[in-house]
Amino acid sequence: MANIELWGGVECTVNRVGEQYFDQLAQSGHARRLSDLDLFAELGIKKIRYPVLWESVAPDHPEQKNWDWATERLNRLRELTIEPIVGLLHHGSGPRYTHLIDEDFPHKFAQYARAVARQFPWVTYYTPINEPLTTARFSALYGLWYPHTRDDASFVKALLNQIQGTKLAMEAIREINPSAQLVQTDDLGYSHSTPALQYQADFENHRRWLTWDLLCGKVNQQHPLWNYLLKAKAPETLLLELLENPCPPNVIGVNYYVTSERYLDEHIADYPWHTHGSNQKHRYADVEAVRVQAASPLGAQKILEQACSRYNLPVAITEAHLCCTREEQMRWFTEVWDAASLLKEQGKNVLGVTAWTLLGAYDWNSLLTQNRGHYEMGVYDLRGGEPARTAVSELLTGIASGAERHPLLQVPGWWNRACRSVYPPSAECPEVWDISLNKSKQGSKLQPLLITGATGTLGRAFARVCDIRGIPYVLLSRQQMDITNEDSVRKALTQYKPWAVANTAGYVRVDQAEQEPGACFRENTLGPAVLAKICQEEQVQLVTFSSDLVFGGEKMVVYTEQDTPQPLNVYGRSKAEAEAQVLAAMPTALVIRTSAFFGPWDEHNFVYHALKAMVRQEPFEAAADQFITPTYVPDLVNTTLDLLIDAESGIWHLANRGTYSWAEFAALAANMAGLDPKPWLEAVPSAKIGQPAARPMFSGLGTVKRGVLPTVEDALQRFLHATQFPVRPSLPPQEEEVVDQSLLSAGA
């Protein structure tokens with residue numbers, strides 16, 4: 001039996017909100033990069049969902065079409081032997097001369113489809129309209145997209161216009177290419193509910209099939225939604241026409257997400273206000289089923305089984321994407337892939353699984369209603385300006401051939417762990433992922449991340465984040481592994497068999513280093529060099545940390561990875577020398593330069609001390625002539641883990657965006673906390689502070705790579721939310737372990 005195929009897709013939505021069009025291809029830059037197609041071919045994909053969109057080809061007049069872009073792209077796909085599944089409308093309402101509830105919409109759309117087929121008569125696979133049901137809901141029932149109506153009659157009109165448009169489009173296309181195949185996509189979830197709302201869940205569970213039911217001629221007088229459609233002013237003659245002359249898809253395209261399954265609950269006080277809605281009979285919350293402890297989501301396998309059984313047609317997963325951390329993206333795709341593969345082995349007609357989206361997506365966190373440039377990473381990472389391979393890319397390259405998978409895929413995704421529950425909230429991290437503490441539960445079979453620096457801020461932060469992300473780890477003290485001793489390092493690597501080492505240990509006392517250069521170089525230079533040597537021998541990945549203090553401050557604009565270190569003090573020299581020795585011993589090592597930590601999990605940082613002083617109305621001095629780029633520890637750790645999982649190497653700068661003097665940084669934090677810094681904050685020359693070690697006047701960090709962190713302002717907002725300033729008394733150690741999961745962006 002043939003294996004399922006790996007398909008791909010680019011997020012290509014052109015939707016309209018008021019008079020503004022949102023264009024995903026323009027935002028991702030794919031509109032101007034033909035070379036992306038060669039990258040896609042390297043993954044081994046067989047088919048690709050690809051746009052020849054109505055709004056882009058004929059935006060102003062139906063007779064004024066520009067085929068240049070589409071011709072260049074589709075011809076290149078032919079050269080690469082990738083079969084395009086051509087989409088003509090993707091969550092859109094069409095060009096300005098039509099819209100979803102326009103009486104002539106179906107015929108106008110069919111005319112465009114005919115023109116596409118004439119231009120590309122060799123194209124076999126089409127998705128004329130992506131997700132008709134979902135688009136009708138968002139545009140005409142919820143009013144989020146154009147034409148912004150909010151009633152059942154408009155919803156049904158928009159849905160039937162798209163269904164009739166699809167039918168007429170395929171008839172027009174098949175006049176030119178009789179072998180043309182319809183791959184009809186829609187989101188396929190499932191609604192769960194409390195007993196009181198079972199009637200509403202039943203309605204939505206019937207409604208979820210409407211796109212395919214209408215095309216397959218299944219909506220007759222006995223259909224559960226026949227009366228609903230008539231009540232919503234659906235023309236009975238049109239329903240009968242679709243019943244008598246259906247246009248069944250050749251492939252049922254199932255789009256399935258973690259959030260596709262919903263939970264309905266009339267106890268609205270238990271849920272945030274934005275989840276509340278009404279059906280005129282009950283007010284209820286509509287939330288992601290995966291986040292409700294009482295719900296048991298069906299999952300990809302059962303959803304696919306339902307589609308196979310209902311239609312007895314070939315089925316494919318046409319979208320499988322998760323906005324999440326790197327390992328969770330991989331866990332989600334492999335779960336969907338494995339479910340499809342199992343059904344294929346059982347004799348179900350499952351054709352392929354689509355990696356969606358190859359380049360990521362923009363502003364879906366606001367359902368494409370706000371143009372804020374919020375980026376969700378896909379198979380490739382665009383944050384550096386050009387598509388960069390990630391661990392997801394590597395996974396896809398080998399998945400169809402059964403290549404060995406990343407060790408982190410041994411752990412279930414967050415949607416399968418106890419931490420999935422938000423309603424009610426679960427314990428922060430009920431699973432224990434420190435395998436050195438929990439061998440009986442997790443076992444030593446899991447390959448951990450080895451973390452050095454058990455007593456330091458960064459080491460403890462790595463452990464926290466690993467707990468939430470489901471990354472098995474071992475947090476080691478110097479007594480457990482002395483990184484300056486080769487035998488000690490070898491023993492630990494042999495004992496734990498890690499897939500990677502994160503070295504957070506080091507000498508951090510910048511001023512004291514001037515009097516203790518030997519100790520400083522031992523911990524900051526010799527230790528990382530020894531780790532690099534042994535990790536290279538054992539083929540274990542390594543990340544270690546450097547500092548902005550490797551620079552001399554003469555530049556006065558942000559330093560990038562391309563700049564040459566010129567340290568001014570012992571600490572800076574120890575870090576610069578470590579960089580050179582580590583990369584000489586292990587060219588594949590990852591070296592992270594960072595700066596000016598602040599975070600929510602301990603009080604040993606500048607922001608905490610500044611705000612604490614001002615809350616207590618005590619004077620606080622800060623240098624006005626030293627400029628730095630502050631770094632929020634959760635952002636640093638999460639991004640470092642992503643890069644480590646991606647097997648990146650070399651020197652990277654990771655710091656939040658924004659350069660401030662220490663005094664400006666303190667003032668910004670105070671203002672955002674609602675404090676007036678003027679009476680208490682003293683902006684002074686650094687000479688007055690009396691620092692024994694020379695420091696650069698400017699050590700701001702920037703990057704020419706894709707390791708782009710959020711702005712300092714964004715980070716401060718999250719810091720203040722987590723620490724709940726005004727400053728509280730210190731908490732006992734066991735309470736300090738509590739952390740808000742939202743800080744870490746570990747969910748979706």
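Helices and strands are taken here as DSSP runs, numbered from the N terminus, and in these terms T357 is placed in the loop between β14 (350-356) and β15 (361-362). The model is predicted, and the peptide bond that joins W356 to T357 is cis in it, with omega about 5 degrees. A cis peptide bond also links Y423 to P424, where omega is near -5 degrees; P424 is located in the loop between α14 (391-399) and α15 (439-442).

The mean pLDDT of the chain is 93, and 95% of its residues reach 70 or more. Over residues 727-748, however, pLDDT stays under 50, and for this stretch the model has 53 contacts beyond four places in sequence. Where pLDDT is low, the predicted coordinates should not be read in detail.

An open sheet is formed by four strands in the order β8-β10-β12-β11, with mixed pairing. Helix α8 (residues 198-207) lies across β8, β10 and β12, and its direction runs at about 175 degrees to that of β8.

Six strands make up another open sheet, in which the order is β20-β19-β21-β22-β23-β28 and the pairing is parallel. Because β20 and β28 (650-653) stand at the edges with a single partner strand each, one side of each is left without a neighbour in the sheet. The twist in this sheet averages 20 degrees from one strand to the next. The pairing of β21 with β22 (residues 541-547) is parallel and extends over four bridges, with A502 standing opposite V543 in β22. Helix α21 (residues 633-645) packs on the sheet, where it touches β19, β21, β22, β23 (590-594) and β28, and its direction makes about 160 degrees with that of β23.

Strands of the six-stranded sheet also take part in the packing of helix α17, the buried residues of which lie against β19 (449-452), β20 (473-476) and β21 (500-503), as well as against α18 (517-538). In α17 (residues 486-496), the buried positions are S488, V489, A492, L493 and Y496. Viewed down the helix axis, the buried residues of α17 fall within an arc of 130 degrees, so they line one face of the helix. On the face turned away from this buried side, α17 carries the exposed residues D487, K491 and T494. At the start of the helix, a side-chain oxygen of N485 reaches to within 2.9 Å of the backbone nitrogen of D487, while α17 is followed by K497, whose phi is positive, near 50 degrees.

Positive phi values also occur in loops at residues other than glycine. One of these residues is T81, with phi near 55 degrees, which is located in the loop between α4 (68-79) and β5 (83-90). T81 has a relative accessible area of 67% and is therefore exposed, the cut-off for this class being over 50%. Phi is likewise positive at A647, near 60 degrees, and A647 has its place in the loop between α21 and β28.

Key
Residues are numbered from 1 along each chain as its sequence is written. This is a predicted model: local features need pLDDT of at least 70, side-chain atom pairs count only at pLDDT 80 or more; totals for chains, interfaces and linings use all residues. Side-chain values use heavy atoms; hydrogens and water are left out. Two strands pair if DSSP finds at least two bridges between them. Helices (H or I, at least four residues) and strands (E, at least two) are DSSP runs, numbered from the N terminus. Contact means heavy atoms within 4.5 Å. Axes are lines fitted to C-alpha atoms, for helices over the stretch in contact, and angles run from 0 to 180 degrees between N-to-C directions. Buried means under 20% relative accessible area, exposed over 50%, partly exposed in between (1.4 Å probe, protein chains only). The arc is that of the directions from the helix axis to the C-beta atoms. A polar contact is a pair of N or O atoms within 3.5 Å; within protein, one must be able to donate a hydrogen and the other to accept it, and residues adjacent in sequence count only if both atoms are side-chain atoms. pLDDT is the predictor's confidence in each residue, from 0 to 100.
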